[in-house]
Amino acid sequence: MSSSETAFTEIQARLRHVAAQHGHPAELLAVSKTKPAAAVRALAALGQRRFGENYVQEALAKQRELAGLDLEWHLIGPLQSNKCREVAEHFDWLQSLDRPKLIAPLARWRPAERGPLNVLIQVNIDDEASKSGCAPAQLPALAAAVAAEPQLRLRGLMAIPAPHADLALRRAAFARMHALYRELQAGYPGVDTLSLGMSEDFELAVAEGANLVRIGSALFGAR
Ligand SMILES: *Cc1c(COP(=O)(O)O)cnc(C)c1O
């Protein structure tokens, strides 16, 4: 087995184990930023379909190279408003919607034949100055604005908690996200995705209710 095959098998086993422990499914988003198309192709050959990218131009180049494969592409990095058209045209999911200004251009540019763009709202759950994401208080208005656009489909929430060395603090941030997610679900029955957890902490995230984890370095090696 190649090293990526070994890593993929191990991560899948750990993910299944922790999901079973907590009694809900959890799916893997493979974060392929900075890695070549060949690395994506290798994981696709093992059955992985969902890939996350941070940079629009880099993602478009890989999508072109891998056009024959049936992959699902998520933008997980911050979105500049001048990139809304490319994202609407070429991605399946946007996980980093964090301000009202992006909504109208995404809806306007979404090609009808692709169906609605799946949207997660990113929350800046630890209120970090350096991080994108909306404040929890902005969530209701943002959710309503996304839900009002037929070209967008509100699917849930995403966050990147502060990388506290104290895992109890990370866990508390995941739990706050889960509470916000449950509130959102109460208002929008189509909400089904809580994207939390990365290579270092995905098991904690699943323990607190995450059902989509975003894993890069543990699958593809250090960047
Ligand atoms: C890079 C990145 C990841 C993956 O991080 P790893 O620590 O390499 O698993 C997950 N989510 C976001 C938003 C990222 O930018």
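This is a predicted model: local features need pLDDT of at least 70, side-chain atom pairs count only at pLDDT 80 or more; totals for chains, interfaces and linings use all residues.
**Ligand shell.** I started with what surrounds the ligand. The list runs Val 31, Lys 33, Asn 54, Ile 76, Ile 160, Met 198, Ser 199, Arg 214, Ile 215, Gly 216, Ser 217 and Arg 223. I sorted that shell by class and got five nonpolar, four polar and three charged residues.

Next I looked up N and O distances. The side chain of Asn 54 puts an N or O atom 2.7 Å from a ligand oxygen. Arg 214 uses its side chain, with an N or O atom 2.9 Å from a ligand nitrogen. I then checked the burial: the ligand alone exposes 390 Å², and the protein covers 90% of that.

**Largest pocket.** Where does the ligand sit? I found it in the largest pocket. That pocket holds about 460 Å³ of space. It has 26 lining residues, and Lys 33, Ile 160, Met 198, Arg 214 and Arg 223 come closest to its centre. By class I noted 10 nonpolar, nine polar and seven charged residues in the lining.

**Second largest pocket.** I looked here too, and the volume is about 180 Å³. Its lining includes Leu 60, Gln 63, Arg 64, Trp 73, His 90, Asp 92 and Arg 114. Which helix gives the largest share of this lining? Helix H3, residues 56–65, does, with three residues.

Notes. Residues are numbered from 1 along each chain as its sequence is written. Side-chain values use heavy atoms; hydrogens and water are left out. A residue is near a molecule or strand if one of its heavy atoms lies within 4 Å of it. A polar contact is a pair of N or O atoms within 3.5 Å; within protein, one must be able to donate a hydrogen and the other to accept it, and residues adjacent in sequence count only if both atoms are side-chain atoms. Accessible areas come from the Shrake-Rupley method with a 1.4 Å probe; for residues, only the protein chains shown count as cover. On a 1 Å grid over the protein atoms alone, a cavity is a set of points where a 1.4 Å probe fits but cannot get out, and a pocket is an open set with protein on both sides within 12 Å along at least five of seven lines; lining residues have an atom within 4 Å of a point. A molecule sits in a cavity or pocket if more than half of its atoms lie within 2 Å of its grid points. Ala, Val, Leu, Ile, Met, Phe, Trp, Tyr, Cys and Pro count as nonpolar, Asp, Glu, Lys and Arg as charged, and the others, Gly among them, as polar. Grid points are joined across faces, edges and corners, and a volume is the space filled by probe spheres set on the points. Helices (H or I, at least four residues) and strands (E, at least two) are DSSP runs, numbered from the N terminus.
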